[in-house]
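Subject: Structure for you to look at

Dear colleague,

I am passing on the structure below, and I would be glad if you could read my notes with the model open beside them.

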Amino acid sequence: MNVAMLLSGGVDSSVALHLLRRAGHRVTAFYLKIWLEDELAHLGACPWEEDLHFARAVCAATDVPLEIVSLQREYHERVVAAAIEELKRGRTPSPDVRCNRHVKLGAFLEQLDADGRTFDAIATGHYASVERRIDGVALLRGVDARKDQTYFLHSLTRPQLERCVFPLGGLHKAEVRQLAESLGLPNRHRRDSQGLCFLGKIPYDDFVRAHLGDQPGPILDLASGDRLGTHRGLWFHTIGQRKGLGLADGPWFVVAKETKSRALWVSHGARLAEHRTRHFRVPDPHWLSPLPRATAGAFDVRLRHTPALSAARWSASVSEGEPQGLLVSLHTPDSGIAAGQSAVFYRGRRCLGGGVLELLPGAHEGIQEAASRDFDR
């Protein structure tokens, strides 16, 4: 095949490129320039330089052409601006989910098509697999549960997924590292990147502060109402957070945020079980698989990028006779569910899709318990 490979300069995408070449495919590598010059200059760092250096070195060693594609404007408009607006509302966005759909496999494909360039497939270094079936393509979890990245890919459109190849889906991270060593890759000893793809080593809080500044407010104990301290801004915190609160006699966890009063509500770890969430809503679910016909069903859900899957049931949510997406009920309540984050649905290895979740009024387990129904898996 003639394959367009999205190369980041990291070990994963570099090994994926080698696997494609080993399989006999014709490969053109693309480095997507999505770092934000103004923001990074303000923060005094340029994390992209090292990435691009290694991307060039890997391509030179394998005689693969490398092209640099600037998508800075598209990234800012489609990802960063949306994330900042969500943070202002006290929510917890997932920028990397938006980036894959709207930039890496959105704006990039749009530019290829506009230039009249044809590739049989688009490859990335994600840990996931695409299975071709009679009823269309299916997104499958990577075999390495700790590295599986279907959480970040669940919002792809079906036409996008049909064009994707993920060479690392059948490998564990340790195997990828071993391949990088045996191939003598120039970046074989690089550590995995953390956080948003364009930030590199820049702390996330520094980036948020550059856009939103500080907006202090009280930290309140949900059990007593006592003021325990002062936070720098609600957008620096998310539900379930433990670190960075600066409170004594902990552990303390964030359990709620109130934008009007700027209050950050916390609970001591000894009482955290009282503030878990069992039910939430997904108003606009996106399905990679054909839309389920049943009005209710059992499945597994992932609420953040961790290996853990939670057993759950969903039912159609209806308000005033109109469909309102899905009502999701967890078998085991969770203390880290935040409005704005993604809920991703699975049956076995297959990723069905997902969507942005909304909390219900009185989302804490204690408030909801009277309305809770028996969970029958």
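Strand 10 and strand 11 run antiparallel and are joined by 6 bridges, and F253 has S267 in strand 11 as its bridge partner.

Please keep in mind that this is a predicted model, in which local features need pLDDT of at least 70 and side-chain atom pairs count only at pLDDT 80 or more, while totals for chains, interfaces and linings use all residues. Residues are numbered from 1 along each chain as its sequence is written, and side-chain values use heavy atoms, with hydrogens and water left out.

Within strand 11 (residues 263-268) you will find V266, which is buried, with a relative accessible area of 0% (buried means under 20% relative accessible area, exposed over 50%, and partly exposed in between, with a 1.4 Å probe and protein chains only). Leaving aside residues up to four places away in sequence, V266 touches a set of residues that includes I219, L222, L228, L245, W252 and V254, where a contact means heavy atoms within 4.5 Å. The C-alpha atoms of V266 and Q241 are separated by 9.3 Å, and these two residues are 25 residues apart along the chain.

In the loop between strand 9 and strand 10 lies P251, and the peptide bond from G250 to P251 is cis, with omega near 15°. The loop between strand 10 and strand 11 holds R262, which has a positive phi of about 65° although it is not a glycine, and which is partly exposed at a relative accessible area of 35%.

A second open sheet, of 5 strands, has the order 3-2-1-4-7 with parallel pairing. Its edges are strand 3 (66-70) and strand 7 (164-165), each with a single partner strand, so one side of each is left without a neighbour in the sheet. Helix 1 (residues 11-22) packs on this sheet and touches strand 1, strand 2 (26-33), strand 4 and strand 7, its direction making about 170° with that of strand 1. Strand 1 (residues 2-6) and strand 4 (residues 121-123) run parallel and are joined by 3 bridges, and the partner of M5 in strand 4 is A123. In the loop between helix 3 (48-62) and strand 3 sits D63, whose phi is near 55°, a positive value in a residue other than glycine; D63 counts as exposed, at 66% relative accessibility.

Helix 5 (residues 95-114) has a kink of about 35°, centred on G106, the bend at a residue being the angle between axes fitted to the seven residues ending there and the seven starting there. Among the buried residues of helix 5 are P95, V97, C99, V103, G106, F108 and L112, and the helix is followed by G116, whose phi is positive, near 70°.

Strand 12 pairs with strand 19 (residues 358-359) in the antiparallel sense over 2 bridges, with E358 as the bridge partner of R281.

For the whole protein, there are 10 helices and 19 strands, and 50% of the 377 residues count as buried. Of the contacts with a separation of 6 or more, 67% are between residues 24 or more positions apart.

Conventions: Pairing = 2+ DSSP bridges. Helix = DSSP H or I, 4+ residues; strand = E, 2+ residues; numbered from the N terminus. Axes fitted to C-alpha atoms, helices over the stretch in contact; angles between N-to-C directions.
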